[in-house]
Number of protein chains: 4
Amino acid sequence: MKQLRIGMIGYKFMGKAHSNAYRSLPMFFPQALKPQMAVICGRNEEAVSAAAGQLGWAESVTDWKELVAREDIDLIDINAPSNAHKEIALAAAKAGKHIFCEKPLALNLADSREMLEAADAAGVKHMIGFNYRFSPAVRLAKRLIESGRLGQIYHFRAWFLQDWILDPEFPLVWRLQKEVAGSGSHGDLGAHLIDLAHFLVGDVQEVIGMSETFVKERPLASEMTGLSARAGKDAPRGPVTVDDATLFLARFTGGAIGSFEATRFAAGHRSTNAFEINGSLGSVKFDFERMNELEVYLTSDAEDVQGFRRVLATDPAHDYAEAWWPPGHTIGFEHTFIHEMLELSSAIAEDRQPEPNFNDGVKCQAVLEAVERSIEERRWVQVSEM
Amino acid sequence: MKQLRIGMIGYKFMGKAHSNAYRSLPMFFPQALKPQMAVICGRNEEAVSAAAGQLGWAESVTDWKELVAREDIDLIDINAPSNAHKEIALAAAKAGKHIFCEKPLALNLADSREMLEAADAAGVKHMIGFNYRFSPAVRLAKRLIESGRLGQIYHFRAWFLQDWILDPEFPLVWRLQKEVAGSGSHGDLGAHLIDLAHFLVGDVQEVIGMSETFVKERPLASEMTGLSARAGKDAPRGPVTVDDATLFLARFTGGAIGSFEATRFAAGHRSTNAFEINGSLGSVKFDFERMNELEVYLTSDAEDVQGFRRVLATDPAHDYAEAWWPPGHTIGFEHTFIHEMLELSSAIAEDRQPEPNFNDGVKCQAVLEAVERSIEERRWVQVSEM
Amino acid sequence: MKQLRIGMIGYKFMGKAHSNAYRSLPMFFPQALKPQMAVICGRNEEAVSAAAGQLGWAESVTDWKELVAREDIDLIDINAPSNAHKEIALAAAKAGKHIFCEKPLALNLADSREMLEAADAAGVKHMIGFNYRFSPAVRLAKRLIESGRLGQIYHFRAWFLQDWILDPEFPLVWRLQKEVAGSGSHGDLGAHLIDLAHFLVGDVQEVIGMSETFVKERPLASEMTGLSARAGKDAPRGPVTVDDATLFLARFTGGAIGSFEATRFAAGHRSTNAFEINGSLGSVKFDFERMNELEVYLTSDAEDVQGFRRVLATDPAHDYAEAWWPPGHTIGFEHTFIHEMLELSSAIAEDRQPEPNFNDGVKCQAVLEAVERSIEERRWVQVSEM
Amino acid sequence: MKQLRIGMIGYKFMGKAHSNAYRSLPMFFPQALKPQMAVICGRNEEAVSAAAGQLGWAESVTDWKELVAREDIDLIDINAPSNAHKEIALAAAKAGKHIFCEKPLALNLADSREMLEAADAAGVKHMIGFNYRFSPAVRLAKRLIESGRLGQIYHFRAWFLQDWILDPEFPLVWRLQKEVAGSGSHGDLGAHLIDLAHFLVGDVQEVIGMSETFVKERPLASEMTGLSARAGKDAPRGPVTVDDATLFLARFTGGAIGSFEATRFAAGHRSTNAFEINGSLGSVKFDFERMNELEVYLTSDAEDVQGFRRVLATDPAHDYAEAWWPPGHTIGFEHTFIHEMLELSSAIAEDRQPEPNFNDGVKCQAVLEAVERSIEERRWVQVSEM
């Protein structure tokens, strides 16, 4: 294989982020198997054709089933709305294509498992888009934990705080509709936190959660793109069918305890995806709004200079940094996708499963649903029940 | 009443903080009813006598029962270990003395209620030592909420993170023994968070918690003062009978949802008593390690300059600030006690109950115990059950 | 003109940043005149050919004179070492090409003026690479000042602090040799500060400076790229002929006063390009290590919530933000170049001079040299003397 | 000597800070020679009598000459306006009293030297009130430098930024009148920076400065206390005769270079007394608005966790900390004075000169005047010229 020929389904926010990643990979990671931006697919012919031009795809199509069946495609990139993931992934697996699927893997755990089994049965590579793993500062946290430099982990606490729907007049976009999005802040934001917990601390044993929908009805959206949208004046209203905020407590199998919070009602937080981990030998703190930084505390520091240090993960000692700019010159949100696609491309070239893959998607979904069940049944739920 | 004649029981960490507060009140708040530092009481005659000299008390005694009965005392200040609070408070109430009691009010809710009833029945003034309410930055948060400037409150999240027992060889001090301390991080640190939640957001309706004791045995302490202690080499070990960390989720009667965490195992956090509150019109953030600051976000800011602002609560517009130093000149931990004693002294002069008083202590204890029950029974517990 | 056909001379650090910018422009700013990455030029045939492949140029050549003369090129992008800028720019102007030139414009003011005059005489568009103007947070500062929201400007203070040559064994790279670089931290880093001062505050009237070379000899470099380099063991040493650090005070024609510092000896600062501006109605602070943020203080805030607010310049209200990701999703160093090339492309499409252009390069050089003269002659120097 | 019997002249802002320090010393540093708050002196009989009551002085008088001559006084504390320092100090020395004098020592260098000579000739102890030396975080900086942990010092940069006279209608208080205050921001704020530079980095060799008075006339004050004041409506105006802002560059005898800025026109800065020091092995940053913290960078940290750490100087490892509260419990502005008086009291008990003493006052005044001369004569001035 000399190039990785990609067919991508979806062309909005995530489609743009993925396109940019594929396009940037050869410039910054020339050693990687090169993605060929072959075909982009969407339902609206005019829009997808324009997207192809703007985003740099050689061809655009409207029928994903034809795309999945094409001989000249190696990998299907699924970033269509969440409720379409399963059907596409199953078809892609059946066609023997490698699959990159945006999170969430599917709308529920059963579907997610079906997708994993199908992909494994087909012997294809599969990856899921938990892009925050690919921040250099998060990799540093991982390295400190794995190498034992933080000691035994006691605490994990994480928040994904946004405020884009704080205004009660913000429209009822698809992300607020259960039948399309599957879940609200829990599945959208909490899923990232759960994956980071899995990546950094390990498996979750049991959970108990609570959730709330603060604004129960909203005007129907007339237009939406990315996270922004508009509603006409006096637009009719519809019910919000997902959670505005979900919190839960967790016990990890390794003995750590954790708390998680995902909300879209935290005024002033545009996108605070943050965590802190405390171990017996040190702690780390991360906030995606300052994604180049990891705060690190080590008990081994001399006793008169102990304190959290702000590490800017742009030195050659940090993952990915040498491919970018000199120390102190930061990178941004989109770079997490470039690194993600580097993993995808490298794993395929090396004939191994990428990380994170559908197993991680299933694991995340199991925790998400355990939390949901714990909310419905108002009790602690073992993840193993799911 | 020209002076408030005080008999104080206890003379260690809190005794020092209270003494400093009484001593400082007339200098910085000359309008206040002046505390007269009459009698200090402790079991060890030599030690309490030395404390009297150092801390500025006119007289020292060893029998608190005699002290409580004295005619020349108006108020009993109780900062003895937690397991002694109840008996002293009941006696003081019976003797018709006003009472200032350090938190926790008692080791359990029933005792707390008995103390409240006794004090109310005796018609004395009673106050409890939730000193963090008296940070100017916390008062600013209160003012912003009460005046409606943050709108409807959606989220309260709070942490009290310390690391002073992170080392497994740190000795088994009294704060780690249930029979003396009543509770661990939950009662010691979490109690402050609960009171701040009551003060700022309102009543808690239901809770569910989890707790952990990470280090289950420790060497017996040979010496202890404040939060520091020493154990001899090869000291025998005893069991830690309180929680190292307790977390819980909560629903407030006003509709907000909250998460609370108290731990002594957060490496790098010497004393991070922090909270964030998100409302429909704005948010505030507070961290006691930077106690002069409140971060404030207001949705009403012009759209191109929206962001959390760091307000240094040292301007004349802020509570207590004019009594201290010019703007930008900060105050410290001990000042919360001076402001607390200002409230105590003012309330007595004005013949009203101080705030917070034993009612707040009882309310706090009810939530603490609701959390404990929720942990034992692994279910959501209504605070009204308690 | 349907595309802007570019011939770029230079292919290292800046060549990569420019290539990425040209390549990204159509994806994120599809309305812009599209750059065609036609020809890349460098002295080492093999290296430049490899660079062409990696960076996405259609063709590579080794003779810049031929390139400049080609009919099928509209714009010459000069990011060769500083001592080559002048000759190339003069030739490009003579050939009627538009010119983008990295800073510094030339090694001295006379050469810079010659370049400006040549470009103006040729009637071509010219631009200089002061990329930091193109941070959204810096644009916000500009907008606040221009609209009068900061009032009369009193103070400008700026630092460009790096530490990449702190180690005395770091090799003698070209940036430390006066005959190639022209200047050290002053011309490399200070130039950016001066341009930001011009952009934000206005013209400088008089200056006085000081400079120092802390490490006077270094091992000769065997290899260098970007800001990193290596020297062989026991490599011969040569003299550092530029300044390690240069500071100066300045008076602006508008009445403000300023201080500037550029150094490569500030341990812990990988690339702190920071400024603060104080006006009669407010202040702003910027630090490139947190380039998405501008701290803003406004005296018009209510008196109890005055403080510097951290504005994340990723909202739709901020320049360029809508082309990128949702609010709270940050961008990085390279994006300043994309915005820079947007201005270049837009100005050419609109038949106007881009900003900043060679006039700004000359103005910057005049201040740089006024500072140098003030150091040599140990006196205040009027910029008008230059 | 069993107690240090004090006569204090002045009873406003500094008088209150000193009184609080004397009063607090025995409680927190019981080992120290105890100050006896004997006599307070001021011109207004009623006001000084009230101050005596509030601040805790045994007696109040209005004639400082009588006070200085009294047998029952060991030390004269001078915190009267700056233009009265000299005469009082000379009289106190003549009377054989120890002297604590607030900064500035006098209105000019000649007077300062005369005071030093008189005190030395009289064989008394003398101290000057550079209180910022006594912040635990500043002591930590000192320790890191003295022990060589920062290596060779290259850079010192410091700012004292305030904004209390930003409003052009703020009245013409005594601090804005040269005949009383001697100097404006330079002598008031810059003096502190210079002393910190002396304390931390060493002697200054040469300087060049600039200054500005942005608001040249102000309404006459009808009332003033501390840094606040009021003017009547339509109050007559008078000229501001001191500098609003003064900046200067400096070369230290040890090879470091420095920049200094003092201003009262930095909107948003209530009292930012901040410095940064860069050495060959590390850096430190301090800001008095967060006075409990020192940011520390050490090149010896492992390469993947290098960064400025925020050290909270409240651990037992830090100066003074054990006398106060547990780690993480901060102190405030007034504590610098308590530590200052500890040094005063200790030095007298140990029969040695306190630090800083009049020598430091003279050294500071020499630099202040060298800067002033450099401004007048628009040239570099050697401190040795003064």
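These legends describe close-up views of a predicted model.

**View 1. The fold of chain A.** Chain A holds 10 helices and 19 strands. Its radius of gyration is 21 Å, close to the 21 Å that the globule rule gives for 386 residues, so chain A is as compact as a globular protein of that length. The C-alpha trace spans about 65 × 50 × 40 Å along its principal axes. Of the 386 residues in chain A, 68% are buried.

**View 2. Helix H1 of chain D.** H1(D) covers residues 13–28, 16 residues in total. From first C-alpha to last it reaches 22 Å, close to the 22 Å expected at 1.5 Å a residue. The helix is mostly covered: 16 of its 16 residues are buried.

**View 3. Two cis peptide bonds.** Most peptide bonds are trans. The bond from Lys103(C) to Pro104(C) is cis, with omega near -5 degrees. Pro104(C) sits in the loop between strand E5 (98–101) and helix H5 (109–122) of chain C. The bond from Glu355(D) to Pro356(D) is also cis. Its omega is near 0 degrees. Pro356(D) lies in the loop between helix H9 (333–349) and helix H10 (358–377) of chain D.

**View 4. Positive phi at Tyr320(A)****.** Most residues other than glycine have a negative phi. Phi of Tyr320(A) is near 70 degrees. Tyr320(A) lies in the loop between strand E18 (307–312) and helix H9 (333–349) of chain A. With a relative accessible area of 16%, under the 20% cut-off, Tyr320(A) is buried.

**View 5. Positive phi at Arg378(B)****.** Phi of Arg378(B) is near 50 degrees. Arg378(B) falls in the loop between helix H10 (358–377) and strand E19 (381–382) of chain B. Arg378(B) is partly exposed, with a relative accessible area of 37%.

Notes. Residues are numbered from 1 along each chain as its sequence is written. Chains are lettered from A and ligands numbered from 1 in the order in which they are written. This is a predicted model: local features need pLDDT of at least 70, side-chain atom pairs count only at pLDDT 80 or more; totals for chains, interfaces and linings use all residues. Side-chain values use heavy atoms; hydrogens and water are left out. Helices (H or I, at least four residues) and strands (E, at least two) are DSSP runs, numbered from the N terminus. The radius of gyration is taken over C-alpha atoms; the globule rule is 2.2 Å times the number of residues to the power 0.38. Buried means under 20% relative accessible area, exposed over 50%, partly exposed in between (1.4 Å probe, protein chains only). The expected span of a helix is 1.5 Å times one less than its number of residues.
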